[in-house]
Amino acid sequence: MSNDNLIETDVLVIGGGPAGLAFAIHYADLSKKNNLPIKVMILEKAAVLGNHTLSGAVMNLKNISQLLPDVDLTTIPTQTPVQQEEILFLTKKNAFALPFHPKAMSNKGNHILSLGAMVRWLGQIAEQKGVEIFAGVAGHEPIFENGKLVGVFTGASGLDHEGKPMANYQPPTEVRAKIIILAEGSRGHLTKKLIEKYSLAQDKNPQVYSLGVKEVWEVPEGAFLQGRVCHTLGFPLSSDQFGGGFVYGFSKTQVVIGFCSGLDYSNPAFDPHGALQMYKTHPRIAGIIKNGKLIKYGAKNIPEGGLFSLPKLYHDNFMLIGDAAGMVAMPSLKGIHLGIKAGMTAAQAAFEAIKAQDTSKETLSLYEKLFKDTPEYRELYASRNFRQCFTSNLYFGFLKFGINLITGGRGLSLSGKSKLEADYKHCETASKDNHLPKVAFDNKMLFDKEADLFFSGTKHNEEQPCHILISSRDTCVDCIERFEAPCQHFCPAQVFELSRDAQTNKGKIILHPSNCVHCKTCDIKDPFQNVTWVPPYGADGPQYDNM
Amino acid sequence: MNIIICVKQVPDTSEVRIDPVTNNLVRDGVKSIVNPFDMYAIEEGLRLKEKFGGKVTVLTMGPPQAEAALREAISLGCDEAVLVSDRAFAGSDTLATSYTLSKAIEKIKDYDLIICGKQAIDGDTAQVGPGIAATLDIPQINYVRKVEEIKDQTITAERVTEEGYEVIQSTLPCLLTVVKEINNPRLPSLKGKMKAKSAVIQVWSAADIAAAEDRIGLKGSPTWVLNIFTPPPKPRGKIFEGEAQNSVNQLVESLKGIIH
Ligand SMILES: Cc1cc2nc3c(=O)[nH]c(=O)nc-3n(C[C@H](O)[C@H](O)[C@H](O)COP(=O)(O)OP(=O)(O)OC[C@H]3O[C@@H](n4cnc5c(N)ncnc54)[C@H](O)[C@@H]3O)c2cc1C
Ligand code: SF4
């Protein structure tokens, strides 16, 4: 690699979500205060900041005011204070309000907002503070030297389907930094490599995930109160499945409808996108959107394993923050303010390390030490065994959750640490019993994947190597035989198509990578771990703007 | 070889929505992009520079925001950028625009080749490129799909016609307008994006390019737009099928009906 393609900086942040931006802002502030040069750079794979951001989002704003004490928080776009909240248990036709509202789930004082809009807002502030942000650039490959991470390569472009350079070939850029911050969000592909290489998840529970599938609807005024937050349990999931729906009154005429499905389900035919469509057939939900119009669609994973699934947060020259590390508090399903806090504490550690010219793991351990002393860490601690309660049965889960509340989160296990199993290990053999009731798609209220996908705005350069890597096509044959290709169901963007030979009935998977919305479910849930997600060309992918 | 590329910033039509109530185009919040055809012009300019050396200057006329289009061109590898921007240019039609860009090109001086996209997607007139060549009084080759050779101050290129293609040779300096088939544009690298961020964009006013007052802006724009409409599609041609002798006779008969 010629030096022509080399960039050097002090701190390189991979991912411009709330965690990465909070890190960069706080790092810039600390450097400025101490008259040190501000050399921090963010790479974000979305074409525009916020375009790959998808959240609820009901947000606790307290850490934004810590991060930006001098900024008027009413300038955050799209925010609306929570006015009303409820938790409903749905049967097929009815809805019952939960008689109590667990304190850990209360949203009093929180705000409903578009995280994408907030991320763009934070991005402007960061740039004013001297942070260099490059959108449309993905971190592709880690660079190691003497066994230590020293930078990343961005992706090359101008490659044909086989990966051979064409006339418009552009080589990767090599970015070297003293410290690298992994803020890639859930199931980051560089993060995954680093966790493996340095065994950062040793002795931890494996991470487990939920796939959140979300739509934004324009509705007539009065259809759903602005500022209302509704969470639901039950329909359309059976009682052995973890998950639930959410409906947020985003503005007078916009409502957010989403459904999160725990990926530890075992029915290979289960379809998280189908679950959202089925959810909308419930009279309670259908009533809200019946005169409305779909305006946006998207899907993204949430790491839900909690404290015991957090890997070690640092190593020589790098730190993990936010969803990349799995910092989501359950059962409130909140990660934004945790990511911001993690970003701030990591910035403190990075600043000290750069100042001392020592970026070893010993110095960076300050990050974990500081983070353990935050209210956000205590939030994770309090719910440390939450997700473990719900691995078999919803009702039994509530019983265990109740015991958890009484024992201060400890539960009944002797060690105080309940175990989890990776999502991909849950998969039953395919049979007729697996088949789920069919949704009557009308593409007015109930959208099939293809129609919904249009509203994600996703697009990919057609001329590039496929970014969904399949390790072994033979394994696909086994998988089709045993499980009837769960990928065709779990992918919310119809990237995987099972095609059968008319004569032999032999199955084959056909890929449509340009449909991908970067949710990473395939990387997580494939029962043989046969699929690896890598970033396509920079700027490719969904165009979420306000999700 | 020094190359000038003319680009235009246009609204991203893939994002333009129609207001269901007023039926007007909703341009609010719509991203601006470099006119897609101009991306092929940029790519061709860069490839020629890679082959023959020299410098690529990218030029646009537009409001201050049009600077973004120039930065994008720099991120792809263009060396210099000029924005001609002045309130006096407001309301320019294709004639005034051609004149203004020509004046800027005269100020840039030393050029061998000017490359434009075949047309802009927001107006579809395809007049500015040819207009520049006419104003500068230099030869032009339009709808170029391939540059075959550049040698001894002459260029040989293939241009697309409705029936096929023509091979045209011209002396330099010369202006080309290019079609999509000519190449496959590159994507910016991080290094390129970084250069673009810190690049200095020269901004020239009407006075800087010594533009005559009555030839720019509304004053210099004789075009009157009466109506904008989609032309009706060409009717399908008639196909005479069957045995050769028979269809030839039929063809002759029907031609007799048209030609008296
Ligand atoms: C459906 C759903 C609902 C949620 N609801 C809430 C809620 O109501 N309240 C709440 O507090 N939290 C909620 N969360 C969680 C919250 O959204 C996350 O915790 C939060 O977004 C984490 O921030 P982050 O910066 O760590 O990651 P992200 O927001 O995921 O940002 C990571 C960024 O990194 C980029 N990136 C990834 N890899 C690369 C790479 N290799 N190179 C360059 N860029 C890269 C991505 O494009 C992305 O922009 C919800 C999540 C989901 C999915
Ligand atoms: S291919 Fe994988 S990452 Fe892309 S949308 Fe489908 S499941 Fe998600």
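Predicted model: local features only at pLDDT ≥ 70, side-chain atom pairs only at ≥ 80, totals over all residues.
1. Residues are numbered from 1 along each chain as its sequence is written, chains are lettered from A and ligands numbered from 1 in the order in which they are written, and side-chain values use heavy atoms, leaving out hydrogens and water.

2. Chain A carries 15 helices and 24 strands (DSSP runs numbered from the N terminus: H or I of at least four residues for helices, E of at least two for strands). With a radius of gyration of 23 Å, close to the 24 Å the globule rule gives for 547 residues, chain A is as compact as a globular protein of that length (C-alpha atoms only; the rule is 2.2 Å times the number of residues to the power 0.38). Chain B has six helices and 13 strands, and its C-alpha trace spans about 70 × 55 × 40 Å along the principal axes.

3. In chain A, 60% of the 547 residues are buried; in chain B, 42% of the 260 residues are. Here buried means under 20% relative accessible area, exposed over 50%, and partly exposed in between (1.4 Å probe, protein chains only).

4. Now the inside of chain A. The largest nonpolar core has 82 residues, and Phe23(A), Met118(A), Met319(A) and Tyr367(A) have the most contacts inside it. Helix 7 (residues 336-356) of chain A gives the most to this core, with 12 residues. Apart from it there is another core of 81 residues, including Val219(A) and Met547(A). Such a core is a set of buried Ala, Val, Leu, Ile, Met, Phe, Trp, Tyr and Cys residues joined through side-chain atoms within 4.5 Å.

5. Worth a click: Met319(A). Leaving aside residues up to four places away in sequence, Met319(A) touches, among others, Ile180(A), Leu313(A), Ala346(A) and Tyr367(A) (contact: heavy atoms within 4.5 Å).

6. Phe100(A) sits in the loop between strand 6 (95-97) and strand 7 (111-112) of chain A. Phe100(A) is partly exposed, at 46% relative accessible area.
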